[in-house]
Amino acid sequence: MNVPLYRVPNPPSVALQPGITPGQCWAFKGTEGYMMIKLAHAVLIDGVSMEHLPRRLSLNNDISSAPRRFSLRGLSHPEDGNSHTFGQFMYSDTGPPLQYFKIQKTSPVAYEIVELYVESNHGNPDYTCLYRIRVHGKIPKLT
């Protein structure tokens, strides 16, 4: 009996869901990619967390597909040409699987749309895996 090895790729939304088992990530081709996220509410953003598979759970202790350098931008709408860049960050492949990054450039504007742009990974030339991304902040009080 032959079992096909074809696997349907995970959609980008998998990076917004709980879970950190091997293969439960959004894999994109190459070392650069981006994801636009619509938050449930407009938020005054103060941090971002990225999580990758722990090295001990990976095949051959290899997490070279983990994002390395990334940035986060706030947008008023998907085609916003005047977005706000919250900063550029670096996920460490020798750090803990879940890493928190404080925003470098704050904004008084609450954003409902953010864009995560992955600029590089830790050496895998074929693909990058984004296991989980979390945006942190406060919902502004209505006045």
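Student: Is aspartate 46 buried, exposed or partly exposed?
Tutor: In this predicted model, aspartate 46 is partly exposed, with a relative accessible area of 25%.

Student: Which residue forms a salt bridge with aspartate 46?
Tutor: Lysine 138 does, and the closest N and O atoms are 3.5 Å apart. Lysine 138 lies in strand E8 (residues 132-138) and aspartate 46 in strand E2, so the bridge ties together parts that are 92 residues apart in sequence.

Student: And lysine 138, buried or exposed?
Tutor: Lysine 138 counts as exposed, at 55% relative accessibility.

Student: How many salt bridges does the structure hold?
Tutor: Five. One of them joins glutamate 112 to lysine 38, with the closest N and O atoms 2.8 Å apart. Glutamate 112 sits in strand E6 and lysine 38 in strand E2, so this pair connects parts 74 residues apart in sequence. Glutamate 112 is partly exposed at 31% relative accessible area, while lysine 38 counts as exposed at 62%.

Student: What about arginine 55, which residue does it form a salt bridge with?
Tutor: Aspartate 93, with the closest N and O atoms 3.9 Å apart. Here both partners are in loops: arginine 55 between E2 and E3, aspartate 93 between E4 and strand E5 (98-102), 38 residues apart. Arginine 55 has a relative accessible area of 33% and is partly exposed; aspartate 93 is partly exposed too, at 26%.

Student: Changing topic. How many helices and strands are there?
Tutor: Zero helices and eight strands. Of the contacts with a separation of 6 or more, 73% are between residues 24 or more positions apart.

Student: How much of the chain is buried?
Tutor: Buried residues make up 40% of the 143 residues. The largest nonpolar core has 23 residues, and those with the most contacts inside it are Ile45, Met50, Phe70, Leu72 and Leu116.

Student: Which strand gives the largest share of that core?
Tutor: E2, with seven residues.

Student: What does methionine 50 touch?
Tutor: Leaving out residues up to four places away in sequence, its contacts include Pro67, Phe70, Tyr91, Phe101, Leu116 and Ile133.

Student: Last one, threonine 128. Buried or exposed?
Tutor: Threonine 128 is buried, with a relative accessible area of 0%. This residue lies in strand E7 (residues 127-130).

Student: Where does the side chain of threonine 128 reach?
Tutor: To the backbone oxygen of glycine 30, at 2.8 Å. Beyond its neighbours within four places in sequence, threonine 128 is also in contact with other residues, among them Trp26, Phe28, Ser65, Val118 and Asn121.

How values were computed. Residues numbered from 1 in each chain as written. Predicted model: local features only at pLDDT ≥ 70, side-chain atom pairs only at ≥ 80, totals over all residues. Heavy atoms only, no water. Core = buried A, V, L, I, M, F, W, Y, C linked by side-chain atoms within 4.5 Å. Buried < 20%, exposed > 50% of the residue type's maximum accessible area, 1.4 Å probe, protein only. Helix = DSSP H or I, 4+ residues; strand = E, 2+ residues; numbered from the N terminus. Contact = heavy atoms within 4.5 Å. Polar contact = N/O pair within 3.5 Å; in protein donor to acceptor, adjacent residues only side chain to side chain. Salt bridge = Lys/Arg side-chain N within 4 Å of Asp/Glu carboxyl O.
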